[in-house]
Amino acid sequence: MTEQNIGFGVTGSFCTFSQILPVMERLAKCNQVFPVLSDMAYGTDTRFYKAEDFRSEVRRLCGNEIIHTIVDAEPIGPRKMFDAMVIAPCTGNTLAKLACGITDTPVLMAAKAHIRNDRPLIIAVSTNDALGAAAQNIGALLNRRNVYFVPFSQDNYEKKPRSMVARMGLIEQTIELALKGQQIQPLILL
């Protein structure tokens, strides 16, 4: 893939943060990566990461300042800042708001601003209710133009039978195909 400007939105599925950091690092080796963090991803201390430690690592890996306010995310569209934008992880909450056109976080504003330019938005699902309440939102977004999904699978069908998580290691391939207008297949993995 030739060098691209990639927006990288992060929402609050904290348990997957360790999976997206290596993806950011790989992307940043041959692209400009602009991190966009939701309020929860930007400011919440969890058992997985302290917020400041996570922000520091994201800045280090991407080499760009974090976009973390709605005001800072709004110019993304008019300036045509990104060739593609990824949301990884994309929570059920974010899926629902994307499907309904709600823009009340920096990541949602960035996605709305970006997609108005007919450029690809890549979604890496991470939600405990993908096969429940979030299924209708996944379905709605699958039918939207310029929206592409990273292949996903059940992460623990015995303890969380409705939960699905994207295979974060497939983000780069998904971006590459999305830039050509193609959805990577298969979409649902075992």
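A residue counts as buried when its relative accessible area is under 20%. In the predicted model described here, Asn146 has a relative accessibility of 15% and therefore counts as buried. Asn146 is located in the loop that links α7 (135-142) to β5 (147-149). The backbone at Asn146 is also of interest: phi is near 70°, a positive value in a residue other than glycine.

Most residues other than glycine have a negative phi, and most peptide bonds are trans. Lys80 is placed in the loop between α4 (70-73) and β3. Two cis peptide bonds are described as well. One of them runs from Ala88 to Pro89, with omega near -5°, and Pro89 belongs to strand β3 (residues 84-90). The other joins Gln185 and Pro186, where omega is about -10°; Pro186 lies in the segment that follows α8.

The loop between β3 and α5 (92-100) contains Thr91. With a relative accessible area of 14%, Thr91 falls under the 20% limit and is therefore buried. The side chain of Thr91 makes a polar contact, at 3.1 Å, with the side chain of Thr94. When residues up to four places away in sequence are not counted, Thr91 touches Thr11, Gly12, Ser13, Ser126 and Thr127.

Gln4, in the segment before β1, likewise counts as buried, because its relative accessibility is 15%. Apart from neighbours within four places in sequence, the contacts of Gln4 are with Cys30, Asn31, Gln32, Asp83 and Leu179.

Attention now turns to the nonpolar interior. The largest nonpolar core comprises 62 residues, and those with the most contacts inside this core are Phe8, Ile123, Phe149 and Ile171. For Ile123, residues up to four places away in sequence being left out, the residues touched are Ile87, Cys90, Leu95, Leu98, Leu141, Val147, Tyr148, Phe149 and Val150.

Helix α1 has several residues that are buried, namely Phe17, Ile20, Leu21, Val23, Met24 and Leu27. An α-helix has 3.6 residues a turn, so residues three or four places apart point the same way. The buried residues of α1 pack against the strands β1 (5-10), β2 (32-37) and β3, and against the helices α2 (39-43), α3 (51-62) and α8.

Two packed helices are described by the angle between their axes and the distance between the axes. For helix α1 (residues 17-30) and helix α8 (residues 171-178), the axes come within 10 Å and cross at roughly 50°. The two helices are therefore oblique to each other. On the α1 side, the contact is made by Val23, Arg26 and Leu27, and on the α8 side by Ile171, Glu172 and Ile175. By class, this contact of α1 with α8 consists of four nonpolar and two charged residues, with no polar residues.

Conventions: Residues are numbered from 1 along each chain as its sequence is written. This is a predicted model: local features need pLDDT of at least 70, side-chain atom pairs count only at pLDDT 80 or more; totals for chains, interfaces and linings use all residues. Side-chain values use heavy atoms; hydrogens and water are left out. Axes are lines fitted to C-alpha atoms, for helices over the stretch in contact, and angles run from 0 to 180 degrees between N-to-C directions. Helices (H or I, at least four residues) and strands (E, at least two) are DSSP runs, numbered from the N terminus. Angles under 35 degrees count as roughly parallel, over 145 as roughly antiparallel, 65 to 115 as roughly perpendicular and the rest as oblique. Contact means heavy atoms within 4.5 Å. Ala, Val, Leu, Ile, Met, Phe, Trp, Tyr, Cys and Pro count as nonpolar, Asp, Glu, Lys and Arg as charged, and the others, Gly among them, as polar. A nonpolar core is a set of buried Ala, Val, Leu, Ile, Met, Phe, Trp, Tyr and Cys residues joined through side-chain atoms within 4.5 Å. Buried means under 20% relative accessible area, exposed over 50%, partly exposed in between (1.4 Å probe, protein chains only). A polar contact is a pair of N or O atoms within 3.5 Å; within protein, one must be able to donate a hydrogen and the other to accept it, and residues adjacent in sequence count only if both atoms are side-chain atoms.
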